[in-house]
Amino acid sequence: MRRISLRIGELIAVLFVVSFGVFAMVTLMPGDPAVAILGEGHPPQDYENLRQELGLNDGLLHRYWDWLSGAVTGDLGTSLVPPQTDVTERILGALPVSVELAVLGLVIALVLAIPLAMWSAAHAGGAIDRMISATMFATLSVPSFLAGLLLIMIFANGLGWFPRAQWVRISEDIPGNLHHALLPAIVIAMMELALFTRILRNDLIVTLNEDYILAARAKGMPPWRIMVTDALRPSSFSLVTLMGISLGRLIGSTVIVEYLFALPGMGSMIVTSANQGDYPLVQGAVLIVALVYVVVNAGIDLSYGYLDPRTRRVHA
Amino acid sequence: MNERDDLVLDVRDVRTTFLTPRGPVRAVDGVSMSLRAGETLGIVGESGSGKSVLGRTVMGLVSNSPTTTITGECRIAGLDVHALKPKDRRKLWGPEVAMVFQDPMTSLNPVKRVGTHLTEALRLHLGVSRKEADERAVDLLRQVFIPEPVRRMKQYPHELSGGMRQRVVIAMALACDPKLLIADEPTTALDVTVQKQILDLLATLAADRNMATILISHDLGAVEGRTDRVAVMYAGRTVETSQTSRVFNAPVHPYAEALLASIPRIDDAPHTVLRAIDGSPPNMLNPPEGCRFAPRCRFAVDRCHQESPELRELADGTADTHLGACHFPLLPARQEVS
Amino acid sequence: MAGSGTAHMRAEAGPVLAVDDMVVEFPVGRHQVVHAVSGLNIDLLPGETLGILGESGCGKSSAGRAIMQEPAPTAGSVLFAGEQLTGLKSRDLRRKRSKMQMIMQDPVSSLNPRRKVRDLVAEGLRIWGFDGDDMDAAIRETLTAVGLDPDSVWDRRPHELSGGQCQRVCIARALMMNPDVLICDEPVSALDVSVQAQILNLLERTKETYDLSMIFIAHDVSVVKNISDRVMVLYLGKTCEVLPSSDMHTRSVHPYTRTLIASIPGGEELASVDDPVTGPVVVDTPLVATATELPSPLNPPSGCRFRTRCPLATELCAAEEPQLREVGAGHFVACHHVAVS
Ligand SMILES: Nc1ncnc2c1ncn2[C@@H]1O[C@H](COP(=O)(O)OP(=O)(O)OP(=O)(O)O)[C@@H](O)[C@H]1O
Ligand SMILES: Nc1ncnc2c1ncn2[C@@H]1O[C@H](COP(=O)(O)OP(=O)(O)OP(=O)(O)O)[C@@H](O)[C@H]1O
Ligand code: SF4
Ligand SMILES: [Mg+2]
Ligand SMILES: [Mg+2]
C-alpha cells in the first residue's frame with residue numbers, strides 16, 4: 001500500500017514536469033495563433049486584440065498556470081480552428097480509436113510472438129529458429145505504409161474481406177468495430193512483432209539454461225509444460241517493459257496507419273492541428289498521450305511484483 | 001532372470017561427447033558402474049572431470065542430439081534410457097530416478113511457490129487430486145524436517161535459507177519415491193555446518209527407503225564415511241573404484257593417492273607441507289594421449305604417455321574387486337617403497 | 001567475541017597491524033542495518049599468519065575489506081605500521097596501504113579480463129609511477145616466484161589461464177608492491193582440490209621469502225589450521241575464540257568452534273573427545289532444524305550471538321554478552337558456559 005501511494009506521488013510529479021514541457025514546447029512552436037484564427041489580411045490591431053483576449057501576452061508561467069488549472073478540471077480550452085470545438089471533446093472522440101488500435105495491435109503481436117518465441121527458443125540455433133528470425137527481420141524491414149497498402153490491396157480491395165476507410169465506434173457495434181479495426185491493427189502488430197519475438201526468444205534462451213529448468217525436466221515434466229509454466233514468466237520482464245513503451249508510443253503515433261485507413265485517431269489529429277497552428281488542441285492531445293504513457297508504465301512497474309515475487313518485499 | 005535384472009542402475013561403457021565449435025569434448029569417456037537397491041556409490045573428481053555430465057547422462061537428462069553423442073548403455077529399471085522415446089524416458093524421471101542439484105539457490109524456480117514445486121510432480125506421475133497432492137507435499141516437507149510445513153508451502157524459494165531450500169529440493173526429488181537418487185554435489189553451495197545436516201538427512205532418507213544413491217562430490221571427506229563404494233574420476237574416466245574404505249586407505253591409482261595426500265587434515269600439525277599435484281587438470285578439448293594423468297604423475301614413464309591403461313582388477317584375491325586404470329598401480333609393495 | 005572485550009594476545013614485539021574495536025555496518029533500506037562486524041580486535045604480529053574462520057556471512061570479508069579501508073569501518077581504529085589508517089587522507093592512505101595487499105576469493109573475476117598478465121602484475125606499481133627497464137625484470141622475478149613461467153604467460157589474458165594460474169597472478173600482483181601484510185580472502189575456495197595444495201604451499205613459501213605477516217580468511221577448518229599460527233573464529237561479526245592453531249581440534253572449547261569441527265566429515269569423534277579444559281563437550285546434539293542456520297545480521301540475537309544454535313545456551317546467554325577471556329596460553333574464549341580449570 002505504501003508502495004502504491006509512493007508511486008502515485010511520483011506519478012503526479014512526473015505529470016507536472018511533462019505537462020509543463022508539453023505546454024512550453026507547443027507555445028514555442030512557430031506560427032501565430034491569432035493569424036491561425038483570423039486568417040491573413042486583417043489590420044494589425046485585430047490580431048493584437050485577439051492576442052490580448054486569448055491571454056497570449058501574459059508570461060509563459062502565467063499562461064501555463066491558467067491552462068493547467070483548466071486541465072485538472074477537464075477543461076482543455078477550445079480549438080482555434082473553426083468550428084472551434086471543445087478540445088476535451090475532440091480528444092475523447094479520438095482517444096478510444098487510438099487506444100483500441102494500439103491495444104488490439106499489441107494483443108495480436110503478443111499472441112503471435114509468444115508461441116513463435118517459444119518455438120524459436122526451444123530449437124535455438126536450429127533451422128526453425130533461423131527461419132523464424134529471418135522472417136521476423138524481413139517484416140521489420142518492410143515499411144509499415146507499404147505493408148498497410150499491401151494488406152489493403154489484397155484484403156480490402158482485392159478480396160473484399162475487410163472494409164477500408166471507415167470506422168464504426170465500438171459503442172455502436174462491437175463486431176462491426178472489430179471488423180474495421182482488424183486490418184489496421186494487423187499493420188501495427190507487424191511493426192511490433194519482430195521485436196517482441198526477438199526479445200522474448202533471447203530471454204527464454206537464457207532462462208532455459210537455468211538450473212531450475214533442468215530440475216523441472218528431471219521431474220519428468222513435458223517440455224511444453226516447462227516452457228509455459230516454468231520458463232515464460234521469469235523470461236517476460238523485457239517483453240513487458242517493451243510492451244509498456246510500445247503502448248504509450250502507439251497511442252500518439254500511429255499516424256501512418258490512421259492516414260492509410262482514414263481513421264479518426266489521436267495521431268492524425270495531432271498532426272493536422274499542429275499544421276494548422278491549433279495549439280490548444282495540440283497541447284491537450286499531447287498531454288493526454290503523455291498521461292496515458294506515464295500511467296501505463298507505472299502499471300508495468302507494479303506488474304514486476306507479480307512477475308517476480310523477489311521484488312515484492314525487500315529482504316536482507 | 002539373470003543377475004543384471006535386480007540392478008537399479010547398470011551402466012556399460014558410456015561415452016558422452018559434446019560437439020562444440022572448437023572440437024569434440026569427450027566429457028565422459030567409457031564409464032561403467034552398477035548399483036543395487038540401498039547401495040550408495042560416491043563419485044569423486046575435480047571440477048571438469050565429467051561427474052555432472054555422467055550423472056545427467058546416466059539419467060538421460062543429457063541425451064543424443066545434434067550436438068551430443070552418447071554411446072554405451074544406461075539401464076534404469078532394466079530399460080536403456082537412451083533407447084527410449086523421450087516420452088517414455090520422462091516416465092522414469094520421478095518414480096525411478098531423481099536428481100538433487102548442486103545449488104539450491106538456482107535449482108528452484110523463483111516465481112513458483114514451494115508447494116507448486118512439490119505438487120506438480122506428484123500430480124503428473126501419480127495422478128492424484130490437488131488436495132491429496134497438497135497433503136503429500138506437506139508430508140514430504142515434514143520428512144525433510146522443514147518446520148511449519150503448511151506455511152512453507154505458500155512461500156517462495158527466496159524466502160527460505162539455503163539449507164531449507166536444499167531440503168525442498170530433496171523433498172522434490174523424493175516426491176515420487178524414486179529407486180535411485182543422484183545427488184550432484186548437494187552440499188557444495190552450503191555452509192559447512194549445514195552441509196553435514198544435509199548429508200546426514202540424505203543418508204537417513206536413503207536408508208529408510210532402501211533407495212540406491214549416487215553421491216557426486218569433489219569433497220573427498222563428504223564421500224568417505226557415507227558411501228559403500230566410490231569411483232574416482234579423472235578427465236572423463238574412472239581411474240579407480242572399489243569399496244570406499246579401500247580406496248581411502250589403500251589407493252592404487254597415483255591420482256587417487258595424490259589427491260588424498262593433497263588435502264589438509266585436521267589432525268595434521270599446522271604448516272604441514274602438503275603434497276600438491278603439479279600442473280592442472282587437462283583441457284578436455286585436447287586431452288593427453290595415453291594415460292590422461294601422465295603429465296602430472298610422478299611415476300609416469302614413456303609407456304604411460306603412449307598407451308591408455310585399461311581399468312582392471314587389482315585386488316590381491318583376498319578381497320572384493322578393486323579396479324584401477326594404471327600401468328603401474330600402487331600395490332602394497334610399491335607403496336612401502338614410495 | 002560472541003561478546004566484546006579488549007583482551008588479546010600481546011607479544012614483546014609490537015603488532016604490525018592492530019585493529020581495535022572495529023565495527024562494520026551497512027545501512028540497508030529504512031532504518032535497517034546489517035551488523036557485519038561488531039567490535040573486532042586483532043593484533044597481527046610480525047611474521048605471523050592469523051587465520052580467520054567462520055561460516056558464510058559472518059563478516060570475514062567485511063572485516064578484511066574494512067582493514068584495507070574499502071570501505072572504511074563504521075567505527076574503531078586500524079593501526080598499521082604505527083600509523084592510524086582510519087581518517088587518513090585518500091592519497092596518504094593509498095600510499096600507506098600499498099604495503100598491505102589483499103587477495104580476493106574469486107581469482108578469475110578479480111583480474112581485468114582485457115589486460116595481459118604482464119600489465120596486470122605491474123598495475124599497482126605503475127599507479128605510483130614506477131616503470132622502466134627494471135620493471136620487466138621485476139615482473140619476471142615475481143612471476144617465477146609464484147611458480148609461473150614468465151615467457152609462457154607474459155602476453156596471456158586471464159581467460160587463457162586456469163583458476164590456479166589466475167590466483168598465482170593475483171599473488172604476484174600483490175607481491176610486486178612488496179607488502180608487509182597480505183590479507184587473503186578465501187584464496188583457495190574457488191580452486192580445485194589438487195590445485196588448492198599448490199596455492200597453500202606457495203603462500204607458505206612466499207611468506208618466508210617476502211617476510212610477510214598474513215591474515216588468511218577461510219571457511220575450511222583444516223585449511224585454516226594448516227596455514228595459520230593462530231586462529232580466530234568469527235560468528236555473526238563477533239569473535240568466539242582465539243587460539244593457537246596447533247590446539248585447534250584438541251583444545252578449542254567454544255561450542256561454535258566445536259560445531260565447526262564436528263561438521264568436518266569424520267569430525268564427530270574429534271569433537272566429542274574428552275577435552276583437557278572443558279571435559280567432554282557434546283556438540284553434535286541434534287539441533288532443531290529452525291535454529292540450524294545463521295540468524296539475520298540485521299537483527300542479531302541478544303547476549304551471545306550464537307545462543308540460538310548453541311546446545312549449551314541458557315537464560316544467561318540471552319541476557320548477557322559473554323566477554324572474551326583468557327583460558328590458556330594465547331587462548332581466548334567468549335562463552336558463559338565453558339568450564340575453565
Ligand atoms: N553442454 C556442454 N557442451 C560442451 N561441453 C560441456 C557441456 N557440458 C559440460 N561440458 C564439458 O564437459 C566437461 C565435464 O563437465 P562436468 O560439468 O561434468 O564436470 P564436473 O566434474 O561436474 O565438474 P564440477 O565439479 O565443476 O561440477 C567439462 O570440461 C565441461 O566443460
Ligand atoms: N555492501 C554491503 N551492503 C549490505 N550488506 C552487506 C554488504 N557487504 C556485506 N554485507 C552483509 O554483511 C554480512 C557479512 O558479509 P561478508 O561478506 O563479510 O561475509 P563473509 O564472512 O565474507 O561471507 P562469505 O563466506 O560468504 O564470503 C552478510 O550478511 C552480508 O550480506
Ligand atoms: S554457551 Fe552460551 S555463551 Fe557459550 S556459546 Fe553457547 S550461547 Fe554462547
Ligand atoms: Mg558438476
Ligand atoms: Mg567473504
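How many residues does the contact take from chain A and from chain B? It takes 23 residues from chain A and 24 residues from chain B, where contact means heavy atoms within 4.5 Å.

Before selecting anything, note that this is a predicted model, in which local features need pLDDT of at least 70 and side-chain atom pairs count only at pLDDT 80 or more, while totals for chains, interfaces and linings use all residues. Residues are numbered from 1 along each chain as its sequence is written, chains are lettered from A and ligands numbered from 1 in the order in which they are written, and side-chain values use heavy atoms, with hydrogens and water left out.

**Stop 1: chains A and B**

Select chain A and chain B. The area buried between them is about 2,200 Å², and carbon and sulfur atoms give 60% of it. Buried area is the accessible area (1.4 Å probe) that two parts lose on being put together, summed over both. In chain A, pick Tyr212(A), Ala218(A) and Lys219(A): these lose the most area to chain B, together 27% of what that side buries.

Next, select Lys112(B) and Asp230(A). They form a salt bridge, with the closest N and O atoms 2.8 Å apart. The rule for a salt bridge is a side-chain nitrogen of Lys or Arg within 4 Å of a carboxyl oxygen of Asp or Glu, and it finds 2 across this interface of chain A and chain B.

Helix H9 (211–218) and helix H10 (223–231) of chain A are the elements that give two or more residues to the side touching chain B. The largest share, 6 residues, comes from H9(A).

**Stop 2: His179(A)**

Select His179(A), which is found in helix H8 (residues 174–208) of chain A. Leaving out residues up to four places away in sequence, His179(A) touches Trp161(A), Phe162(A) and Pro163(A).

**Stop 3: His253(B)**

Move to chain B and select His253(B), in the loop between helix H9 (244–249) and helix H10 (254–262) of that chain. His253(B) counts as buried because its relative accessibility is 1%. Show its surroundings: not counting residues up to four places away in sequence, His253(B) touches Val239(B), Glu240(B), Phe293(B), Ala325(B), Cys326(B) and Leu330(B).

**Stop 4: chains B and C**

Select chain B and chain C. The contact takes 37 residues from chain B and 39 residues from chain C. About 3,000 Å² is buried between these two chains, with carbon and sulfur atoms giving 58%. On the chain B side, Thr193(B), Ile266(B) and His271(B) lose the most area to chain C, together 24% of what that side buries.

**Stop 5**

Chain C has 12 helices and 12 strands, a strand being a DSSP run of E, at least two residues. Of its 341 residues, 55% count as buried. Among the contacts in chain C with a separation of 6 or more, residues 24 or more positions apart account for 66%.

Notes: Helix = DSSP H or I, 4+ residues; strand = E, 2+ residues; numbered from the N terminus. Buried < 20%, exposed > 50% of the residue type's maximum accessible area, 1.4 Å probe, protein only.
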